[in-house]
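Thanks for coming. Please have a look at the structure on the screen, and then I will go through some of its features.

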Amino acid sequence: MRRPLSYLGVNIFLALAALATLFPLAWMVSASFMTAGEASTYPPPMLPHAATLANYRLLFAEHGIVRQAGNSLFISLLATGLSLSFNLSAGYAFAKLRFKGRERVFRLLLGALVVPAQVTMMPLFLMLKEMRLVNTYVGALVPWLASVFGIYLVRQYALTIPDEILEAARMDGAGELRIFVLVVLPLLKPIVVTLAVLTFLGSWNDFMWPLIVLTDHHVQTLPVALAALSREHVQDVELMMAGAVITVLPVLLLFLLLQRYYMQGLLVGSVKG
Amino acid sequence: MKLSIAGWLFVAPALLAILVFFVVPVAAALLMSATDFDIYALADLHNVRFIGLDNYLQLLQRPLFWRALENTLFFVVVGVPLSIAVSLGSALLLNSRLAWFRGFYRTALFAPVVTTLAAVAVVWVFLLHTRYGLLNYALSWFGLHPVDWLGDPHWAMPAIVLLSVWKNFGYNMIILLAGLQAIPGDLYEAAQLDGAGAGATFWHVTVPALAPVLLMVSILTMAGHFQIFAEPYVMTQGGPAEHTVTVLYLMYEDGFKWWSLGSASSVAFVLFLFMLAFSFMQTRLTRAGST
């Protein structure tokens, strides 16, 4: 007797929850196509009366959002590339290459995870200022070079590579670099994609450090530019929604495409004991 | 021997980067927090003086620091349990064999996690608008009066908690879902044989089995909540009446608006200490609870 009721209960709750998570995003998209001032009427409209691209045109033509979208894309792609080149070799070495002090260094690295990154922001800013790297892409990229999390992620995955494969390659006289590139990297492919997705999304969505180090309009990323714009244009709801769509849509699509890899990274990354 | 050198060469670039851009800055921040590094020092490094613990002592005398601490603790103490409760509830729903379209719901509930915080904060400013916001409109269906969410000192932080739960619960939901799926089925069968109801099964089978995951999730979520910054920066600029100034917001204003980098560093270390203390307490409490 209880069965049909439970069925209904579970599915109604799930539908309501999905409505709650998706509604703000759907409204953001809808309002971005409204004419100026339309969202500020009562009762609040759900759909545009006559859909228009005017807000997007304004953002592209007058607010130079193309430039900032380009900055975001460029910085995120570079951050991804850098993170891969630093973390893959280190993660693999911590898993599979025996060297003196390996375990101790790895434990120290994990210990560093408890320090919040914001502690480093003041000295890092000074350091970059001395090197004249404030308001440059390099300044924005510095925190993305290597990460303890990335190394950990790769190490956990690399642990599953059988030693026999590596030994066989060594018997054939292959050098360690050759083994890494030709044997190990292909085996690491899933975690390479995972780390790439996580880094790309992380740096695209990053806010505090870009806000500090990129104060010049021309080098700013989308989230920082959007925050600045929203302070000037408090009344222009529709324009702001168009800006939010441009900022959110790329990462949302990337996530939908590579969801499997993203979730895998999330689960590996969270089970640090 | 050869392997040992190879190993070090493989980790050297990453270790060097972490050393130069993380370890050294952390040490430098500790030093800076003991100096009066300000805008004059920024112009000429000779103006820096060592002042010991003065920054920390001055912090204790600033009303704004206590305000920021109170606001941040509110966000942590209210936001973390609420967020985890929503995560657990939705994980249980998703794990239910009765649920249809599980894959779709999993993605739909997780979607806010991958969105850009600064951008969805802008969206929420308008959803929370007193006159034209959809939240107040929905409340009006139930005969509730409009709330000035971001303008009323009593409601601003709760409104930010609401956004934060919406944005973040999907993350822990996925982790808890994996935890639920790892609970052996025979535990449930045994409970059923003993005639345990749904409630008893939840408290005596699910919760104990999930305890380690819950502990880890709560420590990570707490660390994340202590670092709240973008929400007040985008939505309220610390207002109304400083009721959304958080510790990191204070650090940002001290350091990068007024250029008191010494004082900002001391704020950062106080935050670090609080984060350490809370995760320690959480671990101890859980251990005490499980014995």
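I start in chain B, at B:P240, which sits in the loop between α11 (230-235) and α12 (247-257) of chain B. Helices here are DSSP runs of H or I with at least four residues, strands are runs of E with at least two, and both are numbered from the N terminus. The peptide bond leading from B:G239 into B:P240 is cis, and its omega is near -10°.

Some housekeeping. This is a predicted model, in which local features need pLDDT of at least 70 and side-chain atom pairs count only at pLDDT 80 or more, while totals for chains, interfaces and linings use all residues. Residues are numbered from 1 along each chain as its sequence is written, and chains are lettered from A and ligands numbered from 1 in the order in which they are written.

Back to the loops, now in chain A. A cis peptide bond also runs from A:Y42 to A:P43, with omega near -5°. A:P43 belongs to the loop between α1 (2-32) and α2 (54-61) of chain A. In the loop between α5 (121-130) and α6 (137-141) of chain A we find A:R132. Its phi is near 55°, which is positive although A:R132 is not a glycine.

How many helices and strands does chain A have? There are 14 helices and zero strands. Chain A has a radius of gyration of 23 Å, well over the 19 Å from the globule rule for 273 residues, so it is more spread out than a compact globule. That radius is taken over C-alpha atoms, and the rule is 2.2 Å times the number of residues to the power 0.38. Along the principal axes, the C-alpha atoms of chain A fill a box of roughly 75 × 70 × 35 Å. Chain B has 13 helices and zero strands, and its C-alpha box is roughly 75 × 70 × 35 Å.

Where do the chains touch? 70 residues of chain B are in contact with 74 residues of chain A, contact meaning that C-beta atoms, placed from the backbone, lie within 7 Å. On the chain B side, helix α1 (residues 2-32) gives the largest share, 18 residues. That side has 59 nonpolar, 10 polar and one charged residues. Ala, Val, Leu, Ile, Met, Phe, Trp, Tyr, Cys and Pro count as nonpolar, Asp, Glu, Lys and Arg as charged, and the others, Gly among them, as polar.

Last, helix α4 of chain B, residues 63-95. Its 33 residues should span 48 Å at 1.5 Å a residue, and the end C-alpha atoms are 47 Å apart, which agrees. The expected span is 1.5 Å times one less than the number of residues.

α4(B) meets helix α10 (residues 198-226) of chain B through residues including B:T72, B:F75 and B:G79, with B:V217, B:T221 and B:H225 among those on the α10(B) side. The residues of this contact divide into seven nonpolar, six polar and no charged.

That is all I have.

Methods
Contact = placed C-beta atoms within 7 Å.
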